[in-house]
Amino acid sequence: MNSDQLSGKWKQVTGKAKEKWGKLTDSDLTEIQGRQDQLVGKVQERYGIAKEEAQKQVHAFVTALDDKAFNDRAETTTTRTTTETKTHRAGQN
(Lines give C-alpha, C1' and ligand atoms only; values in the text may rest on other atoms or scores of the structure.)
Protein backbone atom coordinates (compact mmCIF):
# COMPACT_ATOMS: atom_id res chain seq x y z
CA MET A 1 0.00 0.00 0.00
CA ASN A 2 1.49 3.32 -0.99
CA SER A 3 1.04 6.65 0.77
CA ASP A 4 -1.84 7.72 -1.47
CA GLN A 5 -3.70 4.48 -0.78
CA LEU A 6 -3.10 4.82 2.95
CA SER A 7 -4.42 8.38 2.89
CA GLY A 8 -7.48 7.28 0.94
CA LYS A 9 -8.28 4.50 3.39
CA TRP A 10 -7.19 6.31 6.53
CA LYS A 11 -10.66 6.53 8.08
CA GLN A 12 -11.02 2.78 7.65
CA VAL A 13 -7.67 1.96 9.25
CA THR A 14 -7.60 4.45 12.14
CA GLY A 15 -9.13 1.84 14.44
CA LYS A 16 -6.40 -0.62 13.56
CA ALA A 17 -3.75 2.06 14.11
CA LYS A 18 -5.26 2.83 17.50
CA GLU A 19 -5.22 -0.88 18.40
CA LYS A 20 -1.55 -1.11 17.43
CA TRP A 21 -0.47 2.16 19.04
CA GLY A 22 -2.88 2.85 21.89
CA LYS A 23 -0.96 5.97 22.91
CA LEU A 24 -2.03 7.74 19.73
CA THR A 25 -4.90 10.08 20.42
CA ASP A 26 -7.90 10.75 18.21
CA SER A 27 -6.37 14.16 17.62
CA ASP A 28 -3.11 12.52 16.50
CA LEU A 29 -4.98 10.27 14.09
CA THR A 30 -6.92 13.21 12.68
CA GLU A 31 -3.70 15.18 12.22
CA ILE A 32 -1.91 12.27 10.54
CA GLN A 33 -4.63 11.80 7.89
CA GLY A 34 -2.91 8.74 6.46
CA ARG A 35 0.48 10.32 5.83
CA GLN A 36 3.10 7.70 6.62
CA ASP A 37 5.77 10.23 7.57
CA GLN A 38 3.36 11.83 10.05
CA LEU A 39 2.47 8.43 11.47
CA VAL A 40 6.16 7.60 11.91
CA GLY A 41 6.69 10.91 13.70
CA LYS A 42 3.75 10.43 16.06
CA VAL A 43 4.72 6.84 16.89
CA GLN A 44 8.26 8.01 17.55
CA GLU A 45 7.04 10.86 19.74
CA ARG A 46 4.41 8.94 21.74
CA TYR A 47 6.57 5.90 22.39
CA GLY A 48 9.95 7.61 22.74
CA ILE A 49 11.60 5.34 20.19
CA ALA A 50 14.17 5.94 17.47
CA LYS A 51 12.97 7.07 14.06
CA GLU A 52 14.25 3.84 12.50
CA GLU A 53 12.21 1.73 14.92
CA ALA A 54 9.10 3.83 14.28
CA GLN A 55 9.64 3.44 10.53
CA LYS A 56 10.01 -0.31 10.97
CA GLN A 57 6.76 -0.53 12.95
CA VAL A 58 4.83 1.62 10.48
CA HIS A 59 6.20 -0.36 7.54
CA ALA A 60 5.11 -3.62 9.21
CA PHE A 61 1.67 -2.11 9.92
CA VAL A 62 1.17 -0.97 6.32
CA THR A 63 2.44 -4.29 4.98
CA ALA A 64 -0.02 -6.12 7.22
CA LEU A 65 -2.81 -3.96 5.81
CA ASP A 66 -1.71 -4.97 2.31
CA ASP A 67 -1.60 -8.63 3.32
CA LYS A 68 -5.04 -8.41 4.90
CA ALA A 69 -6.49 -6.68 1.84
CA PHE A 70 -4.93 -9.33 -0.38
CA ASN A 71 -6.24 -12.14 1.82
CA ASP A 72 -9.70 -10.55 2.00
CA ARG A 73 -9.82 -10.34 -1.81
CA ALA A 74 -8.60 -13.93 -2.13
CA GLU A 75 -11.20 -15.18 0.37
CA THR A 76 -13.96 -13.26 -1.41
CA THR A 77 -12.90 -14.71 -4.76
CA THR A 78 -12.68 -18.22 -3.32
CA THR A 79 -16.07 -17.90 -1.64
CA ARG A 80 -17.65 -16.55 -4.81
CA THR A 81 -16.11 -19.32 -6.93
CA THR A 82 -17.22 -22.01 -4.48
CA THR A 83 -20.75 -20.57 -4.38
CA GLU A 84 -20.89 -20.33 -8.17
CA THR A 85 -19.66 -23.94 -8.49
CA LYS A 86 -22.27 -25.20 -6.02
CA THR A 87 -25.00 -23.23 -7.78
CA HIS A 88 -23.87 -24.53 -11.15
CA ARG A 89 -23.78 -28.12 -9.89
CA ALA A 90 -27.19 -27.76 -8.27
CA GLY A 91 -28.61 -26.58 -11.60
CA GLN A 92 -27.24 -29.69 -13.33
CA ASN A 93 -29.00 -32.08 -10.99
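This is a predicted model: local features need pLDDT of at least 70, side-chain atom pairs count only at pLDDT 80 or more; totals for chains, interfaces and linings use all residues.
Lys42 and Asp28 are both buried, where buried means under 20% relative accessible area, exposed means over 50%, and partly exposed lies in between, all with a 1.4 Å probe and protein chains only. For Lys42 the relative accessible area is 10%. Their side chains meet in a salt bridge, at 3.7 Å from N to O, the term standing for a side-chain nitrogen of Lys or Arg within 4 Å of a carboxyl oxygen of Asp or Glu. This pair links distant parts of the chain, with Lys42 in helix H4 and Asp28 in helix H3, 14 residues apart; helices here are DSSP runs of H or I with at least four residues, and strands are runs of E with at least two, numbered from the N terminus.

Residues are numbered from 1 along each chain as its sequence is written, and side-chain values use heavy atoms, with hydrogens and water left out. The pLDDT, which is the predictor's confidence in each residue from 0 to 100, averages 82 over the protein, and 71% of the residues score at least 70. Confidence is highest in H4, at a mean of 97, and lowest in H5, at 70.

What else does Lys42 form a salt bridge with? Glu31 is a partner as well, the closest N and O atoms again being 3.7 Å apart. Glu31 is in helix H3 and Lys42 in helix H4, so this pair ties together parts that are eleven residues apart in sequence. Glu31 itself is partly exposed, at 40% relative accessibility. Further along, Arg46 forms a salt bridge with Glu45, at 3.4 Å between the closest N and O atoms, and Asp28, Glu31, Lys42, Glu45 and Arg46 are linked in a network of salt bridges.

Turning to H4 as a whole, this helix has twelve residues and spans 16 Å from its first C-alpha to its last, close to the expected 16 Å at 1.5 Å a residue, the expectation being 1.5 Å times one less than the number of residues. Leu39, Val40, Lys42 and Val43 are buried in H4. Seen down the helix axis, the buried residues of H4 fall within an arc of 170 degrees, so they line one face; the arc is that of the directions from the axis to the C-beta atoms. Just after H4, Gly48 takes a positive phi of about 60 degrees.

Helix H2 also has buried residues, namely Trp10, Val13 and Ala17, and these fall within an arc of 70 degrees, so they too line one face of their helix. The face of H2 turned away from that buried side carries the exposed residues Lys11, Gln12 and Glu19.

Beyond its neighbours within four places in sequence, Trp21 is in contact (heavy atoms within 4.5 Å) with Leu39, Val43, Tyr47, Gln57, Val58 and Phe61.
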